[in-house]
Amino acid sequence: KHHSYAEYTYLSWGGSFTEDFLELAISFALLTCFSTLYPPLAVFAFFCHLLEYRLLARRMIFITSRPMPWGAEGIGQWKWVLNTVGNVAVLINVGLVLVFFDPVRHWPVEKKIAAFVVLE
């Protein structure tokens with residue numbers, strides 16, 4: 001059907017496994033790193049992902065016509081990427097709390113550094 005016009009390969013109009021996971025990894029990174037500053041971001045991200053999944057489903061049905069499935073033991077290197085993003089997000093969240101949240105932001109720098117080391 002349409003698979004010959006829009007293949008499910010990297011940098012094609014029909015999308016790819018890499019591009020789809022990259023979108024999810026970027027949104028996961030933004031949400032985990034910065035949702036402490038603006039908690040309603042999680043609700044906004046939820047609705048954006050609902051819309052994105054509907055668009056991906058439409059692409060799979062009408063554009064690529066469901067490419068042939070193949071088995072996998074897991075998500076491969078993406079597991080390492082998501083674990084790394086999660087670990088970096090902890091560092092960023094602790095730093096953001098120490099810089100922006102009251103009463104911690106009024107502490108002296110030495111006390112903030114000590115708190116950062118202890119919280120990590």
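Me: What makes up the lining of the largest pocket, and which residues lie nearest its centre?
Reply: In this predicted model, the largest pocket is lined by 14 residues, and those nearest its centre are Ser 27, Phe 28, Leu 31, Ala 45 and His 49. The elements that each give two or more residues to this lining are helix H1 (17-34), helix H2 (41-63) and helix H3 (77-100), with H1 giving the most, namely 7 residues. The volume of the largest pocket comes to about 240 Å³.

Me: Why is Ile 26 called partly exposed?
Reply: Buried means under 20% relative accessible area and exposed means over 50%, with partly exposed in between. Ile 26, which lies in helix H1, has a relative accessible area of 45%, and is therefore partly exposed.

Me: What makes the nonpolar surface patch, and which element gives the largest share of it?
Reply: The patch, of about 840 Å², is made by Leu 22, Ile 26, Leu 30, Phe 34, Leu 37, Tyr 38, Val 99, Phe 100 and Phe 101. H1 and H3 are the elements that give two or more residues to this patch, and the largest share, 4 residues, comes from H1. Residues of a patch need over 30% relative accessible area, and Ile 26, at 45%, is above that cut-off.

Me: Why does Leu 91 count as partly exposed?
Reply: Leu 91, in helix H3, has a relative accessibility of 40%, which falls between the limits of 20% and 50%, so Leu 91 counts as partly exposed. The C-alpha atom of Leu 91 is separated by 8.5 Å from that of Phe 116, although the two residues are 25 residues apart along the chain.

Me: How do you know which kind of peptide bond joins Asp 102 and Pro 103, cis or trans?
Reply: The omega angle is about -5°, and the bond joining Asp 102 and Pro 103 is a cis peptide bond. Most peptide bonds are trans. Pro 103 is found in the loop between H3 and helix H4 (109-119).

Me: What makes up the secondary structure of the chain, and how much of the chain counts as buried?
Reply: The chain has 4 helices and 0 strands, and the elements run α-α-α-α from the N terminus on. Of its 120 residues, 25% count as buried, that is, they have under 20% relative accessible area.

How values were computed
Residues numbered from 1 in each chain as written. Predicted model: local features only at pLDDT ≥ 70, side-chain atom pairs only at ≥ 80, totals over all residues. Heavy atoms only, no water. 1 Å grid on protein atoms, 1.4 Å probe; cavity = no way out; pocket = protein on both sides within 12 Å on 5 of 7 lines; lining within 4 Å. Points joined across faces, edges and corners; volume = space filled by probe spheres on them. Patch = residues over 30% accessible without salt bridge, like charges linked within 9 Å, V, L, I, M, F, W, Y side chains within 5 Å. Areas by Shrake-Rupley, 256 points an atom, 1.4 Å probe, with all protein chains shown as cover. Salt bridge = Lys/Arg side-chain N within 4 Å of Asp/Glu carboxyl O. Buried < 20%, exposed > 50% of the residue type's maximum accessible area, 1.4 Å probe, protein only.
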